[in-house]
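Please have the sequence and the coordinates at hand while reading.

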Protein chains: 2
Amino acid sequence: LQRVDLLLVGFGHVGRRFASLLEESREPLAALGIGPRVVGIVTRRHGAKFVSAGLDAASAARIVTDGGVIGSAPTPSALELIARWRPDAAAARVLVETTPLDVRSGEPAVSHIRAAFAAGADVVTANKGPIACAYRTLSDEAARTGRQLRFEGAVMDGIPIFNLVREAMPAATIAGFRGVVNSTTNFLIDAMERGEPFDDALARMQAAGVAEADPALDVDGWDAAAKVAAMANVWFDARITPSDVVRESVTAATGERARAARAAGRRLKVVAQARRVVPRERSESRESAVEAAVRLEELPADDPLAILDGQANALEIDSWPLGRVVITQRDGGLEKTAYALLSDLVNVVSR
Amino acid sequence: LQRVDLLLVGFGHVGRRFASLLEESREPLAALGIGPRVVGIVTRRHGAKFVSAGLDAASAARIVTDGGVIGSAPTPSALELIARWRPDAAAARVLVETTPLDVRSGEPAVSHIRAAFAAGADVVTANKGPIACAYRTLSDEAARTGRQLRFEGAVMDGIPIFNLVREAMPAATIAGFRGVVNSTTNFLIDAMERGEPFDDALARMQAAGVAEADPALDVDGWDAAAKVAAMANVWFDARITPSDVVRESVTAATGERARAARAAGRRLKVVAQARRVVPRERSESRESAVEAAVRLEELPADDPLAILDGQANALEIDSWPLGRVVITQRDGGLEKTAYALLSDLVNVVSR
């Protein structure tokens, strides 16, 4: 059994579900030769703890859920803990990064990832910020330090899009992609289509924990833009940030458009998309190489993106020679994101 | 550059498209460190040729397309050529198997694959027969001889379902799957839904080269049953053959059902499906472990399988913890199957 020591930085819903999923998956992981052990947890408001012999992450999750504090004062920062994390000949070390998104800078995740590489640890993350804002720098740094960075949960709630392209589409060329990638706006448009007012629907989504606390992240397209930037950076070497993605907001007025589309047998959707415009080698400025946008579009009723409701999301990848392949997640949710971290962990350790 | 010698057994539409795709993909393959070279071709009715220094597969494809014969008499059999294929320290050797489907026995592909393993070569195939009829035997033999067997193009026209599950869903458990996997019956039902008679529609599909020469393979569900058996064998260790899959035929009478479904806002589809019933370790007889069927089903209009028309096909995989993930190919066709062989080749050589 390959021992793998894990340092969890960020311990919100996804981080805590990852900790319990790790327990539930002990048997299949052992069958793959992997014996994970959580050695450290850093939370935002509930303290931090590091025990090099391993700690009980499930208990820590319960303490945090109940509003308690783990570890004793003074609380070390994530960067301090990562820097102090010593290599162990008997164990692989993986940082599990799940801090909240910052669409402008990708921080603090970017710094955590760089610190992990410097300390000789690999990284799996469900935070789209670093991939959307600094992918090129981070992948260069990973190559230079011989470390791995995986981020399957960052964009599509655990739908394995990055593994699909990397492992199952070798020697193929991706021309573009389009998807429904933000649950809140998808819920909102559905609700307005049925006649519910914008403010009521948004409040309901926030109460249910679907919408971000700052609604602009969802309704102004920032979350979707970060996802588009992440995919364009990884697949097109686009070197863009979320600010480079054209955005269109969902507002109270969107309801009327949605109802009109429905009446005409079509569906209004927020479509996140990017397309290679000029092959990179022939483009002079990096801006002209990729067209990236988050736009409201009326889709035919039998479009694979038109049929999605609730937490379902989907991505259509247009490639040569495979044509248009769509991957759809019918049951979204944070358990899937937690699983994406687990699958990244397996892939990091197996390589 | 890793030199890879290829022996093409079967040189129909898919095999010939593979040969030209190999040429078109020389650059991306080189970027992956792979330098393929066709050393042998075996056709059913157009002779065979083996040149250990490499031969011109594109020319051979043109000769065969024009009805000519490659190589000189007497024509060696595929088994003879495989048995005579000597290991080469400087090159990996891969058999590319694309002979036609036999749903009862999986032959001659099964024998070709075993001969390749015995000769020390790896195998990629687009023939579902061996996977549907003899997967367990062949994978045991691959393990025993230290060889690899890949078959991404066997089931879903190049949609990367096997790679998806193997590479992107580690430590997950598949409970079942359902899909629209046969283009001919999907076309047929669509045509009858629009009022076209069964015989006319079938004749049109045969003329277009979509339907199999023996229509029973399509309309009586044998092709779909072979695909179900292949997936159940790989994912559930079901050890079934196509005969173990319950089948329902598409007939002239299906048209009325399709029109009635449409009138009720639903779509009639041939749904190929299997589900784990009892975990293998707890089941006494192998028959009770898996329920596998090809059935006509009325689906809600927003079901991801209901929206498929023409050559589109799709598979929904129900797993823990990922839930229901659907992968859809909107642009089917034999070029995609040829690409699946190419992607298998890359994966075989890279491991």
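The sections below treat backbone features and then the contacts of aromatic rings in this predicted model.

## Cis peptide bonds

In chain A, the peptide bond that joins A:Glu107 and A:Pro108 is cis, with omega at about 0 degrees. A:Pro108 belongs to the loop that runs between strand S4 (91-97) and helix H5 (109-118) of chain A.

In chain B, a cis peptide bond is found between B:Trp320 and B:Pro321, where omega is again about 0 degrees.

A:Asp157, which is not a glycine, has a positive phi near 55 degrees, and its place is the loop between strand S6 (149-150) and helix H7 (161-168) of chain A. With a relative accessibility of 19%, A:Asp157 counts as buried, because the cut-off for that class is under 20%.

B:Arg239 is likewise a residue other than glycine with a positive phi, here about 55 degrees. B:Arg239 is located in the loop between helix H11 (222-236) and strand S8 (246-247) of chain B, and at a relative accessible area of 35% B:Arg239 is partly exposed.

## Aromatic pairs and a cluster

Over all chains, the count of aromatic pairs comes to ten. One of them is the tilted pair of A:Phe162 and A:Trp235, with 5.4 Å from centre to centre and 50 degrees between the planes. This pair links distant parts of the chain, since A:Phe162 lies in helix H7 and A:Trp235 in helix H11 (residues 222-236) of chain A, 73 residues apart. A:Phe162 is buried at 4% relative accessibility, and A:Trp235 is buried at 11%.

The pair of B:Tyr135 and B:Phe151 is edge-to-face, because the ring planes stand at 80 degrees, with the centres 5.7 Å apart. B:Tyr135 is in helix H6 (residues 128-145) of chain B and B:Phe151 in the loop between strand S6 (149-150) and helix H7 (161-168) of chain B, so that the pair ties together parts 16 residues apart in sequence. B:Tyr135 is buried, with a relative accessible area of 18%, and B:Phe151 is buried as well, at 5%. In chain A, one aromatic cluster is formed by A:Tyr135, A:Phe151, A:Phe162, A:Phe177, A:Trp235 and A:Phe236.

## Arginine over tryptophan

In chain B, B:Arg93 lies over the face of B:Trp85, at 5.2 Å from the ring centre. The charged end of B:Arg247 sits over the ring of B:Trp222, at 3.8 Å from its centre.

Note on methods
Residues are numbered from 1 along each chain as its sequence is written. Chains are lettered from A and ligands numbered from 1 in the order in which they are written. This is a predicted model: local features need pLDDT of at least 70, side-chain atom pairs count only at pLDDT 80 or more; totals for chains, interfaces and linings use all residues. Side-chain values use heavy atoms; hydrogens and water are left out. Helices (H or I, at least four residues) and strands (E, at least two) are DSSP runs, numbered from the N terminus. Buried means under 20% relative accessible area, exposed over 50%, partly exposed in between (1.4 Å probe, protein chains only). Rings of Phe, Tyr and Trp (its six-membered ring) pair if their centres lie within 6.5 Å; planes under 30 degrees apart count as stacked, over 60 as edge-to-face and the rest as tilted. A charge sits over a ring if NZ of Lys or CZ of Arg is within 6 Å of the ring centre and within 35 degrees of the ring normal.
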